[in-house]
Amino acid sequence: MPKHTTVKDYIRTIPNFPHKGIMFRDVTTLFADPRGFRMAVDQMLHPYAGMRIDKVVGLEARGFILGGAIAHQLGTGFVPIRKQGKLPGATLSQDYKLEYGEATVEIHKDAIQPGEKILVVDDLLATGGTAAAGIKLIERLGGDIVSCSFIIDLPELGGGKVLESMGMDVHVLCEFEGE
C-alpha cells in the first residue's frame with residue numbers, strides 16, 4: 001500500500017466520470033481514511049486559528065461533511081447552502097450558471113446575522129459558480145466572509161480568479177491540472 005503523506009495522496013482520480021474526457025477527483029477516499037480526513041480538516045482550519053469565525057458555511061454536498069467537522073473544531077455554528085427546494089424554512093435563492101444550463105442554491109433567511117464572520121468551505125473549486133452564488137447569499141444576509149477554503153483547486157477552470165475578483169481570500173490544499 002502506498003504511503004500517504006499529503007492530502008492529495010488520498011484523492012482518487014476516476015477517468016471519464018461523469019462524462020468522457022473528465023478526470024473526476026474523488027474525495028470519498030480521503031474522507032474514508034481517518035488520518036487523511038483529519039489531515040484535511042486540520043489543514044483547512046489551521047489558517048483561521050485565533051481568528052473570529054462565527055459560522056462555517058458548507059456548500060452542497062461534500063461541503064457539509066467538511067463544514068460540520070471544521071465548525072466542530074472551531075466551536076462555531078454550521079450553515080448549509082443547499083440546492084433549491086431542499087431547505088424547509090423561509091429561504092433566499094441565488095441562480096448561477098453551470099457548464100450547460102443554470103442551477104439555484106438557497107440559504108435560510110435567518111441562518112446568518114449581519115456582521116457575523118463566515119468561513120465558506122467545499123471540497124472542490126472548479127469554475128467558482130457554486131461558491132460565487134453562496135457568497136452572494138451570505139453577503140445578502142449581511143455576513144462578512146473571512147475566507148473560502150477548499151481541498152482541491154482546478155486552476156485551469158478559473159474559479160480562484162472568479163472568487164478573488166469578488167474580493168475573497170481563497171485557501172486550497174492542493175491543485176490538479178486539467179479537468
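Asp 26 is buried, with a relative accessible area of 6%. Here buried means under 20% relative accessible area, exposed means over 50%, and partly exposed lies in between (1.4 Å probe, protein chains only). Asp 26 forms a salt bridge with Arg 12, and the closest N and O atoms of the two are 2.6 Å apart. A salt bridge is taken as a side-chain nitrogen of Lys or Arg within 4 Å of a carboxyl oxygen of Asp or Glu. The pair links distant parts of the chain: Asp 26 lies in strand β2 (residues 23–26) and Arg 12 in strand β1 (residues 12–15), 14 residues apart. Arg 12 is partly exposed, at a relative accessible area of 40%.

The model is predicted; local features need pLDDT of at least 70, side-chain atom pairs count only at pLDDT 80 or more, and totals for chains, interfaces and linings use all residues. Residues are numbered from 1 along each chain as its sequence is written, and side-chain values use heavy atoms, with hydrogens and water left out.

The chain holds five helices and nine strands. Helices (H or I, at least four residues) and strands (E, at least two) are DSSP runs, numbered from the N terminus. In order from the N terminus, the elements run β-β-α-α-β-α-β-β-β-β-α-β-α-β. The radius of gyration is 16 Å, close to the 16 Å that the globule rule gives for 179 residues, so the chain is as compact as a globular protein of that length. The radius is taken over C-alpha atoms, and the globule rule is 2.2 Å times the number of residues to the power 0.38. The C-alpha trace spans about 50 × 40 × 30 Å along its principal axes.

Of the 179 residues in the chain, 43% are buried. The accessible surface comes to about 9,200 Å², and carbon and sulfur atoms hold 52% of that surface. Areas come from the Shrake-Rupley method with a 1.4 Å probe; for residues, only the protein chains shown count as cover. Among contacts between residues at least 6 apart in sequence, 59% join residues at least 24 apart. A contact means heavy atoms within 4.5 Å.

Two helices were examined in turn. Helix α2 (residues 34–45) has twelve residues, which at 1.5 Å a residue should span 16 Å; its end C-alpha atoms are 17 Å apart, which agrees. The expected span is 1.5 Å times one less than the number of residues. At the start of α2, a side-chain oxygen of Asp 33 comes to within 3.0 Å of the backbone nitrogen of Arg 35. The buried residues of α2 are Gly 36, Met 39, Ala 40, Val 41, Met 44 and Leu 45. Their cover includes α1 (28–32), α3 (62–74), β7 (117–125), β8 (144–153) and β9 (170–175).

Helix α3 has 13 residues and reaches 18 Å from its first C-alpha to its last, close to the 18 Å expected at 1.5 Å a residue. Gly 63, Leu 66, Gly 67, Ala 69, Ile 70 and Ala 71 are the buried residues of α3. These pack against α1, α2, β3 (55–59), β4 (77–83), β7 and β8. Gly 75 follows α3, with a positive phi near 70°.

Side chains of opposite charge can pair when their charged atoms come close. The count of salt bridges comes to eight. One of them joins Asp 123 and Arg 62, at 2.6 Å from N to O. This pair also links distant parts of the chain, with Asp 123 in strand β7 and Arg 62 in helix α3, 61 residues apart. Asp 123 is buried, with a relative accessible area of 4%. Arg 62 is partly exposed, at 34% relative accessibility. A further salt bridge joins Arg 52 and Asp 54 (2.8 Å, N to O). Asp 54 counts as partly exposed, at 23% relative accessibility.

Backbone geometry was also examined. Most residues other than glycine have a negative phi, and most peptide bonds are trans. Asn 16, a residue other than glycine, has a positive phi near 60°. Asn 16 sits in the loop between β1 and β2 and is partly exposed, with a relative accessible area of 44%. A cis peptide bond joins Phe 17 and Pro 18, with omega about 0°. Pro 18 is in the loop between β1 and β2. Another cis peptide bond joins Glu 60 and Ala 61, where omega is about -5°. Ala 61 is in the loop between β3 and α3.

How values were computed: A polar contact is a pair of N or O atoms within 3.5 Å; within protein, one must be able to donate a hydrogen and the other to accept it, and residues adjacent in sequence count only if both atoms are side-chain atoms.
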